[in-house]
Amino acid sequence: MLTSTLCDANRRLTAALQYVKISADAAERLKAPKASLIVAIPVRMDDGSLRIFQGYRVRYDDTRGPTKGGIRFHPDVNLDQVQSLAFWMTFKCAALNLPLGGAKGGITVNPKELSRLELERLSRGYIDAIADFIGADVDIPAPDMYTNAMIMGWMVDQYSIIARRLSPAVITGKPLSLGGSQGRETATARGAFYVLEAMMARSGRLPQHTTVALQGFGNAGSMLARLLFEAGYRVVAVSDSQGGIFLPQGLDIPSIQAFKASSRSLKAVYCEGSVCHLSQAHALISNAELLSLEVDILIPAALENQITADNASQIKARHIFEVANGPITAAADAILDARGIQVFPDILVNAGGVTVSYFEWIQNRNGLYWSIEDVHRRLKTMMVTEADQIWQRAETLKISLRTAAYVHALERLGQALDAKGTREYYTNGI
Ligand code: NAD
């Protein structure tokens with residue numbers, strides 16, 4: 001039985017199916033996840049009480065390789081959301097031609113309410129609960145919202161304890177000292193930056209004449225803001241879960257990053273400070289106001305379902321780059337499309353993270369580690385190559401970039417699914 005966000009995600013699949021020749025069997029197989037695990041994680045709290053947290057891990061499709069996807073810690077995590085995120089991972093890996101399938105995991109928790117030790121016990125407890133479901137050749141987790149390299153370090157250690165052998169390739173996004181890859185922390189932002197720069201080169205537009213508003217100042221959002229700032233773009237607004245700031249002449253992104261980072265010492269894992277606690281020289285704006293600013297480029301980099309049928313008509317940006325997963329609903333897509341707003345889809349724009357995770361997995365399995373220059377060069381080649389092909393498909397077929405990205409991924413998925421299929425035995429009457 002398909003649920004709401006997953007149904008919405010499936011509408012993109014349906015839209016793409018009319019432009020690509022894949023068998024009915026393959027299309028059917030892609031409509032539902034292969035396996036979904038729900039676990040209860042008991043955690044001994046610092047006051048001695050026991051709390052049970054709900055966790056999930058979904059492996060959507062593994063036809064093209066072991067499944068891959070992040071782990072999210074957030075109060076809104078639920079099965080429908082994790083299944084949808086696993087669906088997007090499947091298409092993202094295929095769009096980038098990575099030999100991987102799609103997965104996702106998460107725990108329903110507000111991690112900011114936990115002490116560092118409680119967070120570590122929760123992270124290790126999650127791995128205890130899903131250890132049989134993951135593995136370097138089976139399913140490889142990574143960080144997502146409110147998880148980071150430190151948490152991945154605890155998790156890979158816990159898995160290695162259970163497996164009774166060091167198993168670095170089971171989790172990516174690890175600290176460098178535990179087999180992480182150079183460039184992983186900035187990979188999502190850097191991948192998005194390469195796609196954005198490719199679009200700019202096509203349009204002949206100059207960074208200094210381009211305004212940007214960015215929702216979500218976390219790992220992906222803040223690093224992309226920094227790259228854009230350094231390349232000369234005018235980043236006029238940023239926000240986080242507390243609210244946003246707006247300065248028409250452009251924000252000084254390094255000082256905002258420094259402000260958020262300095263508050264980190266107050267609480268070991270999550271920033272206590274928020275961008276909206278900054279100087280009064282900036283106008284404070286809500287997240288809703290940020291989304292409707294008149295800018296050249298709008299970048300949602302926080303949560304899914306931010307632009308819906310309710311607010312799509314208020315968007316004034318010319319281009320939207322989806323760094324978050326699923327920030328635009330299918331209904332909103334149609335409205336934006338009709339209004340001529342060009343959307344660069346999540347499964348392409350934010351694929352830099354999983355691509356460098358894939359590099360990390362290769363390095364762990366080979367025991368040979370790459371330089372930062374190597375990582376950047378390979379990432380750029382892959383992002384720009386696939387972005388160009390998706391762009392060309394969109395122009396040839398006269399379809400949106402999102403549908404083109406799905407067509408691009410579907411072709412690869414369909415070929416792999418059909419290569420494994422049994423249907424011909426029946427249709428040939430054998
Ligand atoms: P993060 O936890 O580092 O940061 C999330 C940011 O969003 C924080 O600044 C938080 O304050 C902000 N936020 C939360 N709720 C908000 C709201 N209602 N309005 C505005 N801001 C809000 O997470 P991240 O890793 O940067 O991930 C952000 C998005 O990018 C997610 O959708 C994630 O799935 C996607 N993504 C991340 C990666 C990665 O490698 N980090 C890769 C691919 C996709």
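Phenylalanine 321 has a relative accessibility of 1% and therefore counts as buried (under 20% relative accessible area with a 1.4 Å probe, protein chains only). Phenylalanine 344, at 2%, is buried as well. The model is predicted, with local features requiring pLDDT of at least 70 and side-chain atom pairs pLDDT 80 or more, while totals for chains, interfaces and linings use all residues. Residues are numbered from 1 along each chain as its sequence is written, and side-chain values rest on heavy atoms, leaving out hydrogens and water.

Aromatic pairs come next. Rings of Phe, Tyr and Trp (its six-membered ring) pair if their centres lie within 6.5 Å; planes under 30 degrees apart are stacked, over 60 edge-to-face and the rest tilted. The count comes to nine aromatic pairs. Phenylalanine 321 and phenylalanine 344 are stacked, because their ring centres are 4.2 Å apart and their planes at 5°. Since phenylalanine 321 belongs to strand β11 (residues 319–321) and phenylalanine 344 to strand β12, this pair ties together parts 23 residues apart in sequence; strands are DSSP runs of E of at least two residues, and helices runs of H or I of at least four, numbered from the N terminus. Tyr60, Phe87, Phe91 and Tyr406 form one aromatic cluster.

Helix α13 (residues 372–397) is worth a look too. Its 26 residues should span 38 Å at 1.5 Å a residue, and the end C-alpha atoms lie 37 Å apart, which agrees (the expected span is 1.5 Å times one less than the number of residues). Buried residues of α13 include Leu379, Met383 and Trp391. Just after α13, lysine 398 adopts a positive phi of about 55°.

Note on methods:
Buried means under 20% relative accessible area, exposed over 50%, partly exposed in between (1.4 Å probe, protein chains only).
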